[in-house]
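Open the model in your viewer and keep the selection tool at hand.

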Amino acid sequence: MERPTITEPGPLLLHFSSGEVRCESPNNKLDKFAGILTYKGKNYILDHDKLLLRGCVIRNTDWCYGLVIYTGPDTKLMQNCGKSTFKRTHIDHLMNVLVLWIFLFLGSMCFILAVGHGIWENKKGYYFQNFLPWKEYVSSSVVSAILMFWSYFIILNTVVPISLYVSVEIIRLGNSYYINWDRKMFYAPKNTPAQARTTTLNEELGQVKYVFSDKTGTLTQNIMIFKKCSINGTLYGDVYDKNGQRVEVSEKTEKVDFSYNKLADPKFSFYDKTLVEAVKRGDGRVHLFFLSLSLCHTVMSEEKVEGELVYQAQSPDEGALVTAARNFGFAFRSRTSETITVVEMGETKVYQLLAILDFDNVRKRMSVIVRTPEDRVMLFCKGADTIVCQLLHPSCRSLGDVTMEHLDADRACEVSPSLLSAHTHVFQDFAIEGLRTLMVAYRELDNAFFQAWSKKHSEACLSLEDRENKISNVSEEIEKDLMLLGATAIEDKLQDGVLETIITLNKAKIKMWTLTGDKQETAVNIAYACNIFEDEMDEIFIVEGKDDETIWQELRSARAKMKPESLLESDPVNSYLTMKPKMPFKIPEEVPNGNYGLVINGYSLAYALEGNLELELLRTACMCKAVICCRMTPLQKAQVVELVKRYKKVVTLAIGDGANDVSMIKAAHIGIGISGQEGMQAMLNSDYAFCQFHYLRRLLLVHGRWSYNRMCKFLSYFFYKNFVFTLVHFWYAFFSGFSAQTVYDTWFITFYNLVYTSLPVLGLSLFDQDVNETWSLRFPELYEPGQHNLYFNKKEFVKCLVHGIYSSFVLFFVPMGTVYNSVRSDGKEISDYQSFSLIVQTSLLWVVTMQIALETTYWTMISHFFIWGSLGFYFCVLFFLYSDGLCLMFPNVFQFLGVARNILKLPQLWLSLVLSVVLCMLPVIGYQFLKPLFWPVSVDKVIDRIHHCMRHPLPPPIRTKVKHASSRRSAYAFSHKQGFGALITSGKTMKGKPKKSSLLKK
């Protein structure tokens, strides 16, 4: 194919009026692209390798010309972002249903009272018209009953929580400000606080069951650090004190001095001085180890300033290894398509590059073949320990056993006890530490053998059929009988606090699913590093089928091990599914017989998300403690989240930091964006945003749980106080001839929700805490009730209704019994309407105030002021509204002249008050006392433990690292991609000065 060659990046432009591009219409397939460029009558094929996706960064390139194919919403990344939807909480949906219930309840009460009025008018009122004449538009008792229906609809409308939605939004706004103001979620290095970008989802933060997380940039910092290595059977990287005891590396630990090396990277840190000493004393194996790292890679080097090397690595793993070799005296300086220049301990040497045997996911290794300045042909190889071990020369068996001990300390006693070195007792299991390992080996080749092999390799590369398999087979011929040099251990640095956060979330019974575009090995390695997967798990299932039938078998076999009865037709879930329920239906939680994990790649996931397989995938995945989905497209991330949302009655949360996470952030009930190094797209599309993953623990277990508890208490109390207030009218109707007369003074009706009960309930909803933040984080089990929505649901609403009916019954009949046929000390009756009204409303306010005082668990000065202040304010308003002055000035408006002054002196009022409060509170106190004894839930036991700890403080827990006996697992992970070896040897990446300018050249 012709390629344009241009002398310099000047004002030259491609005049595209003489050409066109024909390509596929915008789609969401990130790995496919097909098009044809027609320019000056010639056609050029455009494929995926020639397409730069939105957000890509071009490296090792000074300048280039490009043509925009897709823009804006047509780009492949935006096609994967999904649609924005308005998110509502489960409580919002429940409130809408309950309001409909309340309307039906209101209609039922009005109908009953209207029927009662019709009967009363027919039997009593009709014959009583001389004293209470009917209106001229009332022709019969039926007409009067119809009119009375609407009268009672107006009087009893206070049962409908009109102000509920306004109060809810005020509460949510206040709890959102708590998140914004939380100094413990403020990230000082970026001067960035946590941000609640919505106010509608706060209580749902206390109900999360599934967390879907990205890996790179969310769990990890995408910073690779050369942590340890094993060379010729000796472990390097640990630090020991004078007594030979291993010490943890900290900021105070003295770093190795690399000042002897002028090309050393000042940012590189290492703490074990014995490795530098081995390099300085000329240890041959150590030199060969680092020479291998400086040659076996695809890194590009730039040196714009003398002595300042800048590496452009295709993967951060390679960058860390080459940088380590550079600091220990083997600095990769430059390369061409045929040579590699290395500065070895200050001496520049040029190696002839003979071949690169590239990395791929099947081989799990890469090799380079070079000719040294001494005319020796050397092969250097690095790869997965499980692969390289099979390629070693038999003479390396003992060295391989010792090296494997360094990689897996649990097998140290099984392999060969006689080979253990003096430091075997401190050998660390790289896998448990979460370090990414590679084995390094070499082989010296006979020149004649290499020449013969090179011809085979060239023929395989030029083959038109089955080229990849032929190249792989030829590579295996030379990659054998290797001599082991050692192993490297790279730390993929986790974000601060990730491990502790995930452990805490696991204790809160929150399931963690990692959805990533990374390779399987890398994702699994990080899963073990941050405790998403654990070594003591019963089994990790890997789904990697290439067709529907294989994937179905893999999922079924996994489910058979986790819960064999789930495959039987008698299983409740299977029985339910055979009934073919109408959508949407929910699949209940299924409990496995142990702890399991699941790994599935994006190719298999594409099949599993279609047709009948999606339910198999969902049931299998939801039985697992953790799930890793790797090699996923952004759209697949959203599809997985949608799958769980569609069939599970749970709250989902998605957290990510890049544009490829936007789709799942939008799809989840709650989306969280991390303000990281991958731009602002995730944050701008999120509901909550902060800078560090570990803030998620505080957001859920503190703010989320408090918000949920407060909202549930608010709703229970709000419905209760409205029911109590309104239903007193219902009882009164039976004693007032169903005449639609109100029990209370009109001013009390006006002020009840607006003034007397508004501040106490807002104070409860904004400041209440069942336990403080320390206990909330220390006992994550407290989070569980929210996941099952135990504190407010339809059952709790019915309890509020029953409690309200009972309290209204007490508040009506106790005052009535108290004042019935009663007289004052001067002989005057007190059983008049106005006196009775005042007694009922005063008793009502005392009861609802005591109820909210009983619900309050965290008392502050504000709580006292709101609760008792509102009660005191009632009496102040009472004396003001019933004062002589107002009643004389506005007799038609203020009609309760002197009632307050007279009634408050009567013992009957205080007797009624005490009896009403006692009778209304006694069932509540009794229920709260007996419930933990006879119907305990897990949270009650946790609260008891907290109370015990408060009385008998425990010493802070001592953190120890526990070793688990487990089967051997490889810690191999290498985020390298295939194709860069061929790119380097082709010379296309090498910079040079083109001599002639032309647009197209064949």
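H25 and H30 are roughly antiparallel to each other, a label for angles over 145 degrees. This is a predicted model: local features need pLDDT of at least 70, side-chain atom pairs count only at pLDDT 80 or more, and totals for chains, interfaces and linings use all residues. Residues are numbered from 1 along each chain as its sequence is written, and side-chain values use heavy atoms, without hydrogens and water.

Select H25, residues 758–767, and H30, residues 861–881. Helices here are DSSP runs (H or I, at least four residues), numbered from the N terminus. The axes of H25 and H30 come within 8 Å and cross at roughly 160 degrees. Axes are lines fitted to C-alpha atoms over the stretch in contact, with angles from 0 to 180 degrees between N-to-C directions.

Next, show side chains. Leu-759, Pro-760, Gly-763 and Phe-767 of H25 meet Ile-862, Phe-866, Ile-867 and Ser-870 of H30 (contact: heavy atoms within 4.5 Å). These contact residues divide into 6 nonpolar, 2 polar and no charged; Gly counts as polar.

Now turn to the cavities. A cavity is a set of points on a 1 Å grid where a 1.4 Å probe fits but cannot get out. The count is 5 cavities of 30 Å³ or more. The largest cavity holds about 50 Å³.

Select its lining (residues with an atom within 4 Å of a point). Among them are Asp-745, Trp-747, Gln-841 and Tyr-874. H30 gives the most, with 4 residues. Helix H24 (746–756) also supplies at least two.

How values were computed. On a 1 Å grid over the protein atoms alone, a cavity is a set of points where a 1.4 Å probe fits but cannot get out, and a pocket is an open set with protein on both sides within 12 Å along at least five of seven lines; lining residues have an atom within 4 Å of a point. Grid points are joined across faces, edges and corners, and a volume is the space filled by probe spheres set on the points. Angles under 35 degrees count as roughly parallel, over 145 as roughly antiparallel, 65 to 115 as roughly perpendicular and the rest as oblique.
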